[in-house]
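Work through each task with the structure at hand before reading its solution.

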Amino acid sequence: MKILTKEEILPSLISDISKAKQKVQIISPWIKSEVLEKILSSIDENIKLEVIIRSSELSDFLITDEKVFQLIKEKNGTIFLNPKIHAKVVIIDSEIAYVSSANITNAGLIDEDGNIEAGTVINNKKEIKKLENYFEEIKNLSISIDDISGFILNSTNGRNGEALLLQELNEQTYLKFPNEKGFILGRILEIRKLNTSLFSSDENFIFKNLFSNKDELQKVILGKENDLWKKSAFYSLLNENNPSISIAKIELITEYNPQPEEGKSFLKTPLNPIPAGTIFSCFTNDEEIEKILKINHAGYYMDTPVKFGKLLNTDLNCYLDLEKIATMHMAVLGTTGSGKTTFVRRVLENIPETDIQVFIIDLYDEYSELDVPSKKIKKISLKDILFPLTAEDMKKLFKEEGIVIQEKTNEEKNLVAFLKQKLKPDLEFTAFNNESLEDILFESLDVLSPESHLRNEIIGFMDIIKRNYGEDALTYQKETVSFVKEGINAEKQFIIFNFKEINNINSRINIAGIIMKELFLTAKKNPDKKRIIVLEEAQNFAPEKGFGEVQASSDNISFIMSRKIATEGRKFNLGITAITQRPANISKYVLSQLNTQVIFKLINNNDLEAVSVFFESSKAYVFDLLPFFKPGVCYITGLAVPFGLISEIKLG
Ligand SMILES: Nc1ncnc2c1ncn2[C@@H]1O[C@H](COP(=O)(O)OP(=O)(O)OP(=O)(O)O)[C@@H](O)[C@H]1O
Ligand SMILES: [Mg+2]
């Protein structure tokens, strides 16, 4: 150990720091940049630099000047604030340490008429170790400037508050409020920029004391007649001292405990308002927040996390729990071209190794190029056919071509009775297992008397259908039935039913309905296997009464089946993912059963109203954003995600 007089401290310190190889640790309550510059001049950004300074009152920073922060950041150093620190210490590479009375200021180290100081240089390893431990202890009682993004001004309840931001941040930035067990996860909802020269906000008048210009302000506002003068005076006043501050509306989303008791949830609803004055930070460690993003709504690790996009404006991955989709269903809603199909494809493409099977009702051949190994896919291309499932369906088809069957005459009664025998809304019992519609219609002629006008009409009907839809429309039913069965029983992970060629809307509804029915029956028999049905254009298959062109009635088999699966599917591990660009037109009953909601851009008022149920009052802000979402941006909420969040699906 060596004792140093005031004049000896600075030269010795500069010389020792210039030899530093790994790290320099400094405690100096007050620092002046011109002195610090001399001390740090020789070290580069590869040397770990930690500096603890005093932050007890504003006047501390009348001494420690602005440039100090710039110098330390240039050297890649970290600054810690401590309200009580008074010690003056420098440790270099765990080998040499200074303990003295001198701050890194002119008065402490340079000025001849400054303070009278004394110091010691220590080389003893054991003593230095002790000092290093002490440094760590003090550091733990200090706060890193990087961890201060702002502080709470007021809390309205456990979930909401207002904050002053101390750095430039965007809306939707995620925030961390440390607590005893972990932290509370928060998020910025809205930011207001206020000009402190003139007004504070009506809610936060705490900035009154920042009004240095009150008198001048009155001069500007009162008593001056000349508009030109007023304009100029206002302009200068508003520009004075860069007066803008940012006030943020904060949402506290969840309390996160990284090590809950055995079997307990990681997440808890925050019920205690955060005290005013609490400091918060943004996330600097991505792993920490990614861990939370892999927890489901119940607060447990997702069984099967599937990556689908990024948290808006970040590089953080968002996940949904496929198990919750397979059992508790999902709605994908958004105006045309908003990115729904792209999203669903992304989810399917990112499914990890799992035996969950996905059955896709692909209306426009958008899934056949799914980017997964082709051995996992079974594609089934359906032809443009008529597919009546009941005599009523057949009557409707006749009616479309002008043949009205009222069942008044015996001829008509016979015909309908015959059709009833043949056409059943069930894959096992329909005559299409063995015959085509053409066969059936030809046979039906036999139940009519030779002079019946219906005979000619039926023959005419067949001609028209062939002309309008092509030969297959009347002949391909048998094959269709066996394709559907093949698809239902396939072992592959992705079974794509390509509906692109099918023009007749009732055929679409009937084939989709029969697929859903078969899947429901299969799932009932074998509930251990998880299955998901992807239903595009769900407003046609599960329509809301009185909306759109498709009837929500008991003879719409896909309506019946989608309702059944939405309510009972979970018992048999059968889930439905319903996609629609018209949320107002999908059955409200079905929609209410879809427990994860993915909402893309929406503009139409009816549609916005239909999804408004998913936005509790604290989410009104996100609801207002929906019309402004870009393609690929969605709000996802419900059981498959930890909390409602805005995500961006990146193309490519
Ligand atoms: N994540 C995205 N980022 C940027 N653009 C996107 C994104 N997703 C989709 N788009 C754009 O929007 C177009 C339509 O996307 P997509 O087919 O997924 O929309 P959709 O909501 O399914 O529409 P529709 O209701 O018509 O089926 C895409 O071709 C693409 O140009
Ligand atoms: Mg689409």
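**Exercise 1.** At what angle do helix α18 (residues 505-525) and helix α20 (residues 557-568) pack, and how far apart are their axes?

*Solution.* The model is predicted: local features need pLDDT of at least 70, side-chain atom pairs count only at pLDDT 80 or more, and totals for chains, interfaces and linings use all residues. Residues are numbered from 1 along each chain as its sequence is written, and chains are lettered from A and ligands numbered from 1 in the order in which they are written.

Step 1. Helices (H or I, at least four residues) are DSSP runs numbered from the N terminus. Axes are lines fitted to C-alpha atoms over the stretch in contact, and angles run from 0 to 180 degrees between N-to-C directions.

Step 2. The angle between α18 and α20 is about 35°, and their axes are 7 Å apart.

Step 3. The crossing of this pair is left-handed, meaning that the near helix is turned anticlockwise from the far one by less than a right angle; clockwise would be right-handed.

Step 4. Residues are in contact if their C-beta atoms, placed from the backbone, lie within 7 Å. Among those making the contact are Ile-509, Gly-513 and Phe-520 of α18 and Met-561 and Ile-565 of α20.

**Exercise 2.** Describe how helix α17 (residues 477-489) meets α18.

*Solution.* Step 1. Their axes come within 10 Å and cross at roughly 40°.

Step 1. α17 and α18 are therefore oblique to each other; under 35 degrees counts as roughly parallel, over 145 as roughly antiparallel, 65 to 115 as roughly perpendicular and the rest as oblique.

Step 2. The crossing of α17 and α18 is right-handed.

Step 3. From α17, Thr-480, Val-484 and Ile-488 meet residues of α18 including Ile-511, Ile-515 and Leu-519. This contact comprises six nonpolar, two polar and one charged residues, where Ala, Val, Leu, Ile, Met, Phe, Trp, Tyr, Cys and Pro count as nonpolar, Asp, Glu, Lys and Arg as charged, and the others, Gly among them, as polar.

**Exercise 3.** Which residues are closest to ligand 1?

*Solution.* Step 1. A residue is near the ligand if its C-beta atom, placed from the backbone, lies within 6 Å of it.

Step 1. Of the 13 residues surrounding ligand 1, the closest are Gly-339, Lys-340, Thr-341, Thr-342 and Gly-632.

Step 2. The shell consists of three nonpolar, nine polar and one charged residues.

**Exercise 4.** What is the mean pLDDT of the chain?

*Solution.* Step 1. pLDDT is the predictor's confidence in each residue, from 0 to 100.

Step 1. The chain has a mean of 91, with 93% of its residues reaching 70 or more.

Methods. Helices (H or I, at least four residues) and strands (E, at least two) are DSSP runs, numbered from the N terminus. Two residues are in contact if their C-beta atoms, placed from the backbone, lie within 7 Å.
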